[in-house]
Amino acid sequence: MNYESFKWSLLEAVRNQTDSGTTVRLQHISGINGVDHDGITLSAPRGRLAPVISLEPYYTRFRNGSSLACLAGDIIDRHIASVRERQLTLRERPDFSAVKDRICFRVINAAMNRQLLETIPHVRKLDLAVIFYIRMAFDGGSELSVMVSLEDQTRWDVTTETLYGTALANTARLKKPVLLPLDRALRRCLEEADPAAPVPEELWEPVSGMGEHGDCGLFLMTTEDRIYGACCLFYPALLQEAARLLDGDLLIIPSSVHEILILVEDTAVSVDMLEETVKTVNETEVLPEEVLSGHVYRFGRHDDDISYA
């Protein structure tokens, strides 16, 4: 079954498992970096906000053997969990006090999202943009959220600076940062992908502390949920702490919107070569909607500032 047939078949399967009073529909999602997606949404009781659940992961599961009935049940469960547990209603949304503890931020490429940025409050940082969203729920490895629009900002009567300060505190609280040697991070990913599979022996070398650079000297920085983890780039004092632990100024490689790579600045490291590598990886390995930047950044311990390398 091709994707077009799948999405309509899944829509019908969800409708078959819900009562006649529930509206189930497909919805087009305007995504990051101009990449659009298909989603499915179910009507929520008493005006509560309902998430738009992206269909692409479900198509992957379908191709791997999951039945339409099983996938439909999962979508319904996610919808119920989000609406019932979070209790965020459309009537509450105009009230900033009702959502301020859930406003978080993500980091995206500014040039690749010009049209989107015209419709939402944001803060420019180098070639990046900090955008804001209401975190409704975290469920099964995905984050259910609603993007903050300019209409929301006007309704709440808050400045962009207030949104940024609020989101900075909430994101650092709700999405804890992780800094791991790259080999250890890779080992963890392999273990989670297939716990029964043997991990290559060279990835079992211990790394006893953040001050040790290992063979390649690369560290991965992200959040515990690894969803839009590049936000760590702007956590207060985090890069300063990483520079202290690694005992040097830092070069920052924008791996994707979900994570960044860090290494200690060294005269032997060619920034031009790093940026060429980033460009190649963006074109061949990173999903278009997950590309963050083609630039390498520098963090100076004494300047306490991020700049282009």
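Gly-39 sits opposite Ser-54 of β3. Strand β2, residues 37-42, and β3 are antiparallel and joined by 2 bridges; two strands are said to pair if DSSP finds at least two bridges between them. They belong to an open sheet of 3 strands, ordered β1-β2-β3 with antiparallel pairing. Its edge strands, each pairing on one side only, are β1 (24-29) and β3 (53-54). Helix α1, residues 3-16, lies across β1 and β2 and runs at about 140 degrees to β1. Angles run from 0 to 180 degrees between N-to-C directions, with axes as lines fitted to C-alpha atoms, for helices over the stretch in contact.

## Basis and overall numbers

This is a predicted model, in which local features need pLDDT of at least 70 and side-chain atom pairs count only at pLDDT 80 or more, while totals for chains, interfaces and linings use all residues. Residues are numbered from 1 along each chain as its sequence is written, and side-chain values use heavy atoms, with hydrogens and water left out.

The protein chain has 10 helices and 13 strands; these are DSSP runs numbered from the N terminus, helices being H or I of at least four residues and strands E of at least two. Of its 309 residues, 46% count as buried, where buried means under 20% relative accessible area, exposed over 50%, and partly exposed in between (1.4 Å probe, protein chains only). Among contacts with a separation of 6 or more, 62% are between residues 24 or more positions apart; contact means heavy atoms within 4.5 Å.

## The six-stranded sheet

An open sheet of 6 strands has the order β8-β9-β11-β10-β12-β13, again with antiparallel pairing. Strands β8 (177-181) and β13 (305-308) are at the edges with a single partner strand each, so one side of each has no neighbour in the sheet. From one strand to the next, the twist averages 30 degrees. Strand β9 (residues 219-223) pairs with β11 (residues 259-264) in the antiparallel sense over 3 bridges, and Leu-220 has Leu-261 in β11 as its bridge partner.

Pro-181 lies in strand β8 and counts as buried because its relative accessibility is 4%. Its C-alpha atom is separated by 8.9 Å from that of Met-221, 40 residues apart along the chain.

Which residues of α9 are buried? They are Leu-238, Leu-239, Ala-242, Ala-243 and Leu-246. These residues cover an arc of only 135 degrees around the axis, so they are on the same side of α9; the arc is that of the directions from the helix axis to the C-beta atoms. Their cover includes β8, β9, β10, β11, β12 and β13. Just after α9, Asp-247 takes a positive phi of about 60 degrees.

## Nonpolar cores

A nonpolar core is a set of buried Ala, Val, Leu, Ile, Met, Phe, Trp, Tyr and Cys residues joined through side-chain atoms within 4.5 Å. The largest one has 52 residues, and those touching the most other members are Phe-105, Phe-132, Trp-156, Met-221, Phe-234, Leu-239 and Ile-262. Strand β6 (residues 128-139) supplies the largest share of this core, 7 residues. A second, separate core of 18 residues includes Phe-6, Leu-10, Ile-53 and Phe-62.

Beyond its neighbours within four places in sequence, Leu-239 is in contact with Met-221, Leu-233, Leu-250, Ile-252, Ile-262, Phe-299 and Ile-306.
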